[in-house]
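Here is a short report on backbone geometry. Keep the sequence and the structure open side by side while reading.

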Amino acid sequence: MSLRTISLALLLPALAHAQGVEGGDILVSDYAVNGVFRIDHAGTVTTLHAGAPLTSASGLAVNGALDVFIANYNNGTIYRIPRGGAIAPFASGISGPIRLAVDHDGTLLVTSLAQKALLRVDGTGQSTPIASGAPFVRPFGIAVDVDGSYLVADDGAGGGANAPALYRVSRGGQVTPIWQGAPFRLPQGVALLPDGDFAVSDGLVDCVFRVPRAGGAPTIVVVTPAIDNPDALCEDFEGRVLVAESSAAGNRVDLVDRGGGVQTVASGLPFRNLEVVARAPRLSGPATIGVGQTANFALRFAGEGVTPYAMWATLSVFPGLPFPAPDTRAIFGNADVLLGAT
């Protein structure tokens, strides 16, 4: 048996940053501290920003350039912290912004409690509604599905027994329920699972639900006392979900695996009222629909000469690639996928 030696030089300048948020970092917003904290790979918590101009830090999202966006609920402003830069207003005039997400094209998505709406905010800070009004009652958590449509968890508070729901919103603004009513009581967060199903956090049931993509009733992945008052969750790009919890028992970020196992990532001070958890993409760069970053290189195998290859590295904001028709599934990852082709 012979051993092949591979020599590979791959340069992606957009991946190299001198300071600030790093790819793979966990970011959390805290409503009481009015700040954003960074949790690095070692679990060390540092303050990214705290205090003015934030007065009610709610939503949080990180784009492919590792810019951090924070929704400030009370004054209807979204602030941006560019990587290595200072906080500054990005968009204003949005009543009651509560959660944020980054779309496939790099634009920002916002749910508004006051407007009962899902909004899009472009690169200039201008907002336009995607969907508003009924059936939304209190649209909270948002995620982008593999087909480019949007998932919205509506906690339905005060809206009747059937109001709590997980909705799908088409890019054209059509809203349809994926699941509505019991066992949901206060669904406030949604994320994608590696097999294509949906994870939903519920602050009254104190659990994470699995909602089958193929249809059917939600089932519980993990429940209290393992987790307590989960405000929000996000995928960690490795087949698990990160959950932000804020309760009388304390504030913490937990990692929930596919089997419902729970591991605490960070807890206690300086957290006082955790609101949202997000994860910075590991591979970063300009976001363009369907296009990642391409690098050409050559592999030299003994006796075989030099073979040209191309490697394509997607951003983690691209959540998957579809299987060939008629298979409707996707190669899901949101996983900083590396694809090689000869």
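This is a predicted model: local features need pLDDT of at least 70, side-chain atom pairs count only at pLDDT 80 or more; totals for chains, interfaces and linings use all residues.

Residues are numbered from 1 along each chain as its sequence is written, and side-chain values use heavy atoms, with hydrogens and water left out.

**Cis peptide bonds**

Ala134 and Pro135 are joined by a cis peptide bond, with omega about 10°. Pro135 sits in the loop between β11 (127-132) and β12 (139-144). Strands here are DSSP runs of E with at least two residues, numbered from the N terminus. Ala182 to Pro183 is also a cis peptide bond, with omega near 10°. The loop between β15 (175-180) and β16 (187-192) holds Pro183.

**Positive phi angles**

Lys116 is not a glycine, yet its phi is positive. Asp206 is not a glycine either, and its phi is positive too.

| Residue | Phi | Loop between |
|---|---|---|
| Lys116 | about 50° | β9 (108-112) and β10 (117-121) |
| Asp206 | about 55° | β17 (198-202) and β18 (207-211) |

Which residue has a relative accessible area of 15%? That is Asp206, and at this value Asp206 is buried. Lys116 has 38% relative accessibility, so Lys116 counts as partly exposed. Buried means under 20% relative accessible area, exposed means over 50%, and partly exposed lies in between (1.4 Å probe, protein chains only).

Technical notes: Helices (H or I, at least four residues) and strands (E, at least two) are DSSP runs, numbered from the N terminus.
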